[in-house]
Amino acid sequence: MDILIVGGSGFLGRELTRQAVAAGHAVTATFASRAGGVRGADWLPLDLRRDEEVTRVLRERRPEVVVNAAASRTDWAITAEGAIRLAVAANQHGARLVHVSSDAVFSGADGRYDESAVPDPVTPYGAAKAGAETTIRLLAPAAVVARTSLIIGEGDSEHEAFIHDLAAGRREGVLFTDDIRCPVHVADLARALLELGASDRSGIHHLAGTDALSRHELGLLVAARDGLDPSALATGRRAETGTPGALDVRLDSARTQRILRTRLRGAREFLRAALGG
């Protein structure tokens, strides 16, 4: 395939780019400020806030598949408007779109959410993701909207970096015991997104791990894998801090898993596997 990976320099974007290149696809990857450094891809700067840039890249590259892995937690113009702008351009140039969304579109009131669940965000980021989802499904009904959860790697995700900083005393903070998510490994997620891109699937798909864990439980698993002192990971309850956002959001990915060859492992499996257990 000829693939355009938007947000290729991000954590997920780099893994998508690496896997796509390794699979022999022709890959163009975009970045906001600095190329992602994966060899074998053609790197281009792209600002999703600029219509003319988005249109030019789609017109010149003519990709068969566009994977949008770009997002900003603080910039509506990128996360909502930019995603919609990209969907319009992909539609106009006959490209298949795979849009990466988030469990942040849910409030946590229902706990478990499958693909039929209606978004009810409680944060600006969640609202931006939900707005993008809804508009993309209306403008590009053949697109895939893939919701995911906390993305974990081999120590290089933002969540793992925070755990390491806490354990080393470089940062102050706590790991919440009442903030529940379904972490997914970045390699599994990237593989599943590329599989969906190569398929004829459309609509909402959930791509999260099988284990529902608190931030503290996740921290203990990372500490065990990386040889950190678990006693240095202070605990707290998010509900008592007034921190905005959902508490318990468990993405149910069973329906999507049934149609995928890629297996979405739970965090207990992929983190303990590194220990040989």
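User: Quick one to start. Is the crossing of α2 and α3 left-handed or right-handed?

Analyst: Right-handed. Bear in mind that this is a predicted model.

User: Noted. At what angle do α2 and α3 pack?

Analyst: About 35 degrees. Their axes are 9 Å apart. Helix α2 covers residues 51-61, and helix α3 covers residues 76-92.

User: Which residues meet there?

Analyst: From α2, D51, V54 and L58. They meet R85, L86, A89 and A90 of α3. By class, that contact has five nonpolar residues, two charged ones and no polar ones.

User: Why quote an angle and a distance for a helix pair?

Analyst: Because those two values, taken between the axes, are how packed helices are described.

User: OK, new pair. How do α1 and α6 cross?

Analyst: At roughly 60 degrees, with the axes coming within 9 Å. Helix α1 is residues 11-22 and helix α6 is residues 186-197. Roughly perpendicular would need 65 to 115 degrees, so α1 and α6 count as oblique to each other. The crossing is right-handed.

User: Which residues make that contact?

Analyst: α1 brings F11, L12, E15, L16, Q19 and A20. α6 brings V186, A187, L189, A190, R191, L193 and L194. The classes are 10 nonpolar, one polar and two charged.

User: E15 is in that list. What does E15 form a salt bridge with?

Analyst: With R18. The closest N and O atoms are 2.7 Å apart. E15 and R18 are three residues apart in helix α1, so about one helical turn separates them.

User: How many salt bridges does the count come to?

Analyst: 26.

User: What about α5 and α7, at what angle do they cross?

Analyst: Roughly 75 degrees, and the axes come within 10 Å. That makes α5 roughly perpendicular to α7. Helix α5 spans residues 158-168, and helix α7 spans residues 215-226.

User: Which residues meet in that one?

Analyst: H159, E160, I163 and H164 sit on the α5 side. On the α7 side are R215, L218, G219, V222, R225 and D226. Here the contact has three nonpolar, three polar and four charged residues.

User: Last topic. What feature does UniProt place at residues 1-244?

Analyst: The unreviewed UniProt entry gives "domain: RmlD-like substrate binding" there.

User: And how much helix and strand is in residues 1-244?

Analyst: The chain is 37% helix and 20% strand over that range. Its end C-alpha atoms are 41 Å apart.

Key
Residues are numbered from 1 along each chain as its sequence is written. This is a predicted model: local features need pLDDT of at least 70, side-chain atom pairs count only at pLDDT 80 or more; totals for chains, interfaces and linings use all residues. Side-chain values use heavy atoms; hydrogens and water are left out. UniProt positions are given in the numbering used here, feature names are shortened, and annotations may be inferred rather than shown by experiment. Helices (H or I, at least four residues) and strands (E, at least two) are DSSP runs, numbered from the N terminus. Axes are lines fitted to C-alpha atoms, for helices over the stretch in contact, and angles run from 0 to 180 degrees between N-to-C directions. Angles under 35 degrees count as roughly parallel, over 145 as roughly antiparallel, 65 to 115 as roughly perpendicular and the rest as oblique. A crossing is left-handed if the near helix is turned anticlockwise from the far one by less than a right angle, and right-handed if clockwise. Contact means heavy atoms within 4.5 Å. Ala, Val, Leu, Ile, Met, Phe, Trp, Tyr, Cys and Pro count as nonpolar, Asp, Glu, Lys and Arg as charged, and the others, Gly among them, as polar. A salt bridge is a side-chain nitrogen of Lys or Arg within 4 Å of a carboxyl oxygen of Asp or Glu.
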